[in-house]
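Here is a short briefing for a first look. Please have the structure open as you read.

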Amino acid sequence: MQPTFTSSRILLPVRPWFIVASLFLALLGNLLPTAWWPGIPDWVALVLCFWSIREPRRVGMGWAFIFGLAMDVADGAVLGQHGFAYVLLAYLAASQARRILWFPVAEQALQILPLLLAAQMMQLLMRLVAGGDFPGWGYLIGPFIAALLWLPGTFLLLLPQYQPVERDANRPL
């Protein structure tokens, strides 16, 4: 019998302020000076992908575009480089959400790796078309690191939604 990593716990509904707070913390993570180091994942892309899969009605292409423009302004990049890549990521994640959620969390990382890689390649393509220099092959390590962080990231982002383990005798669920 193969071990499964899925939980049978029922999750509480996510609070909208938690979604916004997690996206802003990811934006702050991208603004740190360490964000330029090779292998550091794009935190906004990772959190945006997570919420586009888990809550596609609340987080979608609009939020992706807003946070993409914020990253463009913060990085001094071509205006729309991050915006277009994040919109593409949110669209692909939302369209694949039902299929991705069927997999255990560890296997979901393999399913989101192509999505994160596509967003990173789109940013690279737009940078090169605009006349920028090739940043090196270390630029493409970030999505692989982000896919490895999918398991702990999922646990942290779902932590506020877990119900207490204690059962109430008067409540059937």
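Predicted model: local features only at pLDDT ≥ 70, side-chain atom pairs only at ≥ 80, totals over all residues.

Residues are numbered from 1 along each chain as its sequence is written, and side-chain values use heavy atoms, with hydrogens and water left out.

**H1 and H2**
- Two packed helices are described by the angle between their axes and the distance between the axes.
- Helix H1 covers residues 16–31 and helix H2 residues 43–54. Helices are DSSP runs of H or I with at least four residues, numbered from the N terminus.
- The two pack at an angle of about 160°, with axes 7 Å apart. Axes are lines fitted to C-alpha atoms over the stretch in contact, and angles run from 0 to 180 degrees between N-to-C directions.
- H1 and H2 are therefore roughly antiparallel (over 145 degrees; under 35 is roughly parallel).
- From H1, residues including Phe18, Leu23 and Leu27 meet H2 residues, among them Trp43, Val47 and Trp51. Contact means heavy atoms within 4.5 Å.
- The residues of this contact of H1 with H2 divide into 10 nonpolar, 3 polar and no charged. Ala, Val, Leu, Ile, Met, Phe, Trp, Tyr, Cys and Pro count as nonpolar, Asp, Glu, Lys and Arg as charged, and the others, Gly among them, as polar.

**H1 and H3**
- Helix H3 spans residues 61–75. The axes of H1 and H3 come within 11 Å and cross at roughly 25°.
- That makes H1 roughly parallel to H3.
- Val20, Phe24 and Leu31 are among the H1 residues in this contact, and Trp63, Phe67 and Met71 among those of H3.
- By class, the contact of H1 with H3 has 10 nonpolar, 1 polar and no charged residues.

**The salt bridge**
- A search of the whole structure finds 1 salt bridge (a side-chain nitrogen of Lys or Arg within 4 Å of a carboxyl oxygen of Asp or Glu).
- Arg58 pairs with Glu55, with the closest N and O atoms 4.0 Å apart.
- Arg58 is partly exposed, at 38% relative accessible area. Glu55 is partly exposed too, at 21%.

**Val14**
- Val14 lies in the segment before H1.
- Val14 is buried, at 6% relative accessible area. Buried means under 20%, exposed over 50%, and partly exposed in between (1.4 Å probe, protein chains only).
- Leaving aside neighbours within four places in sequence, Val14 contacts Ile19, Trp51, Glu55, Arg58 and Gln161.
- The C-alpha atoms of Val14 and Leu158 are separated by 8.3 Å, though the two residues are 144 residues apart along the chain.

Definitions and conventions. Parallel < 35°, antiparallel > 145°, perpendicular 65-115°, else oblique.
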